[in-house]
Amino acid sequence: MRIALLGFGSVGQGIARALREKDLGISITGIADSRSGLIAPGGIDIDAALAQKRELGYCGDPSVRPMDVALLAEYDALVEVTPTDVITGEPALTHIRAALGRGRHVVTSNKGPIALAYDDLIAEAESRHVSLRYEATVCGAIPIIHALQEGLAGNRVKRLSGVLNGTCNYILTRMSDEGLTYEQALMEARELGYAEADPTYDVKGIDAAIKLVILANTILHMDKALDDVQITGIDLLTPDALRLAEEQEMTIRLIGEIIPDEDILRVSPRIIGKAHPLVVEGTLNAVTVDTDMAGEITFIGKGAGSVETASAIIGDLLFIRDRYVTGT
Ligand code: HSE
């Protein structure tokens, strides 16, 4: 199986490293970051691309653009992991449309296009008999979309609530456990590659809200936009608020919630007991799904990070390889 990889930041490099180490029969025939690109029908030299990125700050030839790779490289699936833009979905939306237009599968961690244009994109994919998969958009390594679509198929979801943003959870944990200031904790989260390229998406609750929109629209058959989500972030939370919660054996977590029957989507910091299943540490995410048949199920796992996101992307790629791509 051949892939083209658009986006060579923390997630893109994690995917490249994992593919190099695991020998899954997946070769990369095109890569691009925002400043350069490379097309190699026989397969990209991943070590050389990683070394160049480290040394020069870009991975390929500056005269090759990401769209050149999307349109001209030979691949079975486009992996779109460029930074998210929630207002326009670009440039990812154009990359994804280009790949689907060529009848290629698409796997993405990019939340913008899925939150903004899922119906259009999936219709285009279906008309061309290719797959569009987006497990990595929600909760990093936790296969929540797969679980909801397949494992819990036939269940009615009464409520979904959880910690959906690893960066905020990391900040809250470091502030309450280590007494770090908000700014120090955010800087750490950025350095570790957890935060979005624009970290205001994380701390203002926008990233968690986009994940709710994706789950609502693609799994729960709702028709929602970011504006439909009631959002309060953690950016105005003071160390005093955390300390007051601690004094009562409670803590604060940024919780996202969908209640389909009440048409509610909301994200806000909540004071909750330390023994609550959604109180997880660091960049962990936790999601409780309350369903009519299976009852309550809580998923806990790494919600952000290079390798963790690569796990979800590679799971989607192997799903496609095993169902659609022959000769690998
Ligand atoms: N910035 C996101 C987070 C990355 O911290 O959860 C994963 O979507």
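**View 1. The chain is divided into domain 1 (2-140 + 307-323) and domain 2 (153-301).** These bounds come from an automatic or database domain assignment. The model is predicted: local features need pLDDT of at least 70, side-chain atom pairs count only at pLDDT 80 or more, and totals for chains, interfaces and linings use all residues. Residues are numbered from 1 along each chain as its sequence is written, and side-chain values use heavy atoms, with hydrogens and water left out. Taken over C-alpha atoms, the centres of domain 1 and domain 2 lie 27 Å apart.

**View 2. Domain 1 and domain 2 bury about 1,300 Å² between them.** Buried area is the accessible area (1.4 Å probe) that two parts lose on being put together, summed over both. Carbon and sulfur atoms give 70% of this area. On the side of domain 1, Val-86, Lys-111 and Cys-139 lose the most area to domain 2, together 41% of what that side buries. In terms of contact (heavy atoms within 4.5 Å), 13 residues of domain 1 meet 18 residues of domain 2.

**View 3. A salt bridge joins the side chains of Lys-111 and Glu-196.** The N to O distance is 3.1 Å. A salt bridge requires a side-chain nitrogen of Lys or Arg within 4 Å of a carboxyl oxygen of Asp or Glu; by this rule, two are found across the interface of domain 1 and domain 2.

**View 4. Helix H5 (residues 111-127) gives the most to the side of domain 1 that touches domain 2.** The contribution of helix H5 is four residues. Helices (H or I, at least four residues) are DSSP runs, numbered from the N terminus.

Note on methods:
Helices (H or I, at least four residues) and strands (E, at least two) are DSSP runs, numbered from the N terminus.
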